[in-house]
Each structure stands twice: as structure tokens, then as C-alpha cells.
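Subject: Structure handover

Hi,

Here is the structure I promised to pass on. Please open it beside this email and follow along.

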Amino acid sequence: MNKVNFGKIGEDVACKYLTKNNYKIIERNFYYKGGEIDIIALDEEKDELVFVEVKTRASKKYGLPSEAVDANKINHIIKGVKYYLYK
């Protein structure tokens with residue numbers, strides 16, 4: 001299985017989890033100049049938009065998923081969130 005297909009499986013699992021926990025999936029793979037936001041969901045209980053970055057790992061060999069989200073990645077996500085809200 002290639003990296004893209006494996007990542008899609010992780011996003012599918014995340015969407016199922018979010019849906020089960022009363023989130024409505026608004027958009028998947030929102031592309032903008034400089035990157036993408038994996039999942040945009042609505043927390044229906046709080047009426048808040050939630051922007052989700054999914055990191056799928058088969059093992060800890062390359063580190064924990066949270067370790068892959070550094071300051072640079074966070075800045076790219078913020079840029080994407082601002083663009084999404086503007087659009």
C-alpha cells in the first residue's frame with residue numbers, strides 16, 4: 001500500500017470517529033496555496049468549526065504522529081484556516 005492510500009485510510013478513520021462524536025464533516029482535503037487541511041468539521045454541540053490534521057502511522061518507527069506537527073506545519077495550517085474563513 002502506498003503512502004497516499006495509507007493516509008486516506010487514516011482520514012477515513014478520523015472522519016468516522018468525528019461523526020460518531022457528533023461532528024458534521026464539512027470538507028475533506030481542502031487545498032490552498034501552500035498546503036491542505038485534511039478535515040474541516042462542525043462541532044454541532046458547540047457550533048464551532050474544527051480543523052483537523054491527520055497523521056497516520058503504522059508504527060512508532062518514525063515517531064509519534066504528534067511529533068510530525070511542528071511550528072512550520074502549524075503556521076501552514078493557520079494560513080489555510082484563514083483562507084478558508086475568508087473564502
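Predicted model: local features only at pLDDT ≥ 70, side-chain atom pairs only at ≥ 80, totals over all residues.

**Glu11**

Find Glu11 in helix α1, which runs over residues 3-20. Is Glu11 buried or exposed? Its relative accessibility is 10%. Buried means under 20%, so Glu11 counts as buried.

Which residues does Glu11 touch, once neighbours within four places in sequence are set aside? They are Arg28, Asn29, Asp38, Ile39, Val54 and Thr56. Take Asn29 from that list. Glu11 and Asn29 are 18 residues apart along the chain. Their C-alpha atoms are separated by 9.4 Å.

**The largest pocket**

Next, look at the largest pocket. Its volume is about 590 Å³. The lining is made up of 18 residues. Nearest the pocket's centre are Lys3, Val4, Phe6, Gly7 and Thr56. Helix α1 gives the most, with six residues. What kinds of residues form the lining? Eight are charged, six are nonpolar and four are polar.

**Aromatic rings**

Last, the rings. How many aromatic pairs does the whole structure hold? The search finds four. One aromatic cluster is formed by Phe30, Tyr32, Phe51, Tyr83 and Tyr84.

Best wishes

Key
Residues numbered from 1 in each chain as written. Heavy atoms only, no water. Helix = DSSP H or I, 4+ residues; strand = E, 2+ residues; numbered from the N terminus. Buried < 20%, exposed > 50% of the residue type's maximum accessible area, 1.4 Å probe, protein only. Contact = heavy atoms within 4.5 Å. Phe/Tyr/Trp six-rings, centres within 6.5 Å; stacked < 30°, edge-to-face > 60°. 1 Å grid on protein atoms, 1.4 Å probe; cavity = no way out; pocket = protein on both sides within 12 Å on 5 of 7 lines; lining within 4 Å. Points joined across faces, edges and corners; volume = space filled by probe spheres on them. Nonpolar A, V, L, I, M, F, W, Y, C, P; charged D, E, K, R; others polar.
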